[in-house]
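Here is a friendly first look at how a protein chain folds into sheets and helices. Keep the picture beside you as you read.

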Amino acid sequence: MSTKPKPSVTAVPTPARNLNLNPALPRLLISATLLVCTLLTACQAPSPQPQVTTTVTPLPDTIERRVAELKLTLPAPTKPGPAATITSVVVSGNLAFVSGHISRYADGKLITGRVGEELTVAQGKDAARQCGLAILAQLRQELGSLDRVRRVVKVLGMVNCPPGFKDQPQVINGFSELMLDVFGRERGLGARSAVGVASLPSNVAVEVEAVFEIVP
Amino acid sequence: MSAEARIAELKLELPAAPKPAHVYKPVVIAGNMCYVSGHGPLKTDKTMITGVVGKDLNLEQGQAAARQVGLAILATVRNELGSLDRVKRLVKTLGMVNTAADFYDHPKVINGFSELMRDVFGDDAGVGARSAVGMGPLPGNIAVEVECIFELR
């Protein structure tokens, strides 16, 4: 008489239904595993972002306070229309690229003329300062607060001037000194080119574009 | 729609990617940023569009020159990357127009470049920060020179 061999107690795994387990447990375990996998995937870094390393001290939120202290009047930021081919600021990683801003008074009226011809260096310097105020206004609109700006990285200052004019750096100092006032020496001093150009849109006196490092 | 598909759809004719004549590279990739050197309005017959806008060339001709610069830049970037689909977005443009002293419509001229970028890369990825300015003489008396920065995938 052949008998079925008794199954070894140690070898055969016990099916779940024979244990007092919650039948939903396998489904829960699968969900938990999927959730962990999703979180791990989300934590993986995407393609490397451009990083500008800086050794300045941690950022206190004083920039906005400084703007208030200096009683600066920032103009209303301009907004390109819907058919525009440009945008005023592009944020890429921790860098904010600001489009060229032309010199305007706070009421929006353009500051025109060639520096060293119709305008003096002092007037040109003031025009450059106005570009700075407009750029601060644009940055504040884009970022929500100027406290998100870590530092000025790179400036291109363009002065509408006749051939032979040499004082472009003094003119663009109007912009750069404003940056120093607002951001301080460590953060407000960036790389810079101050150049003369043959003409500018609408014959404005000065146009400035700049790159800032920001808190992403 | 991908950039390469748009180029095919628009039937754009890109010139051959220009070779550097002096001590520079046409394009440098740093991290995921693609810095493009200044390009001139290079045509498929390998000649450049020259002349002073506002004197030798009118606004429309200036815009056509700016658009041609865009085609040359697309050629260079495609040559470097293998495919323009690797471009995530146009970040920053510097458009320089060879202008007469009393010509002030630089933004309109450079729109020739910017509208091409918008057509190829879309309303969001194709529109970036920009400065459009007038310059004294440009190399070889070309009508327009543009340098720009793209972000890559």
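The notes below cover a sheet in chain A and then the overall build of chain B.

This is a predicted model, in which local features need pLDDT of at least 70, side-chain atom pairs count only at pLDDT 80 or more, and totals for chains, interfaces and linings use all residues. Residues are numbered from 1 along each chain as its sequence is written, while chains are lettered from A and ligands numbered from 1 in the order in which they are written.

**The sheet of chain A**
- Strand 3 (residues 149–160) of chain A runs parallel to strand 4 of chain A, and seven bridges join the pair.
- Opposite Ala191(A) in strand 4 of chain A stands Lys154(A).

**The build of chain B**
- Chain B holds three helices and five strands; helices are DSSP runs of H or I, at least four residues.
- Along the sequence, the pattern of chain B reads α-β-β-α-β-α-β-β.
- The C-alpha trace of chain B spans about 40 × 35 × 30 Å along its principal axes.
- Of the 153 residues of chain B, 48% count as buried, meaning that 20 or more other C-beta atoms, placed from the backbone, lie within 10 Å of the residue's own.

How values were computed: Pairing = 2+ DSSP bridges. Helix = DSSP H or I, 4+ residues; strand = E, 2+ residues; numbered from the N terminus. Buried ≥ 20, exposed ≤ 12 C-beta atoms within 10 Å, placed from the backbone.
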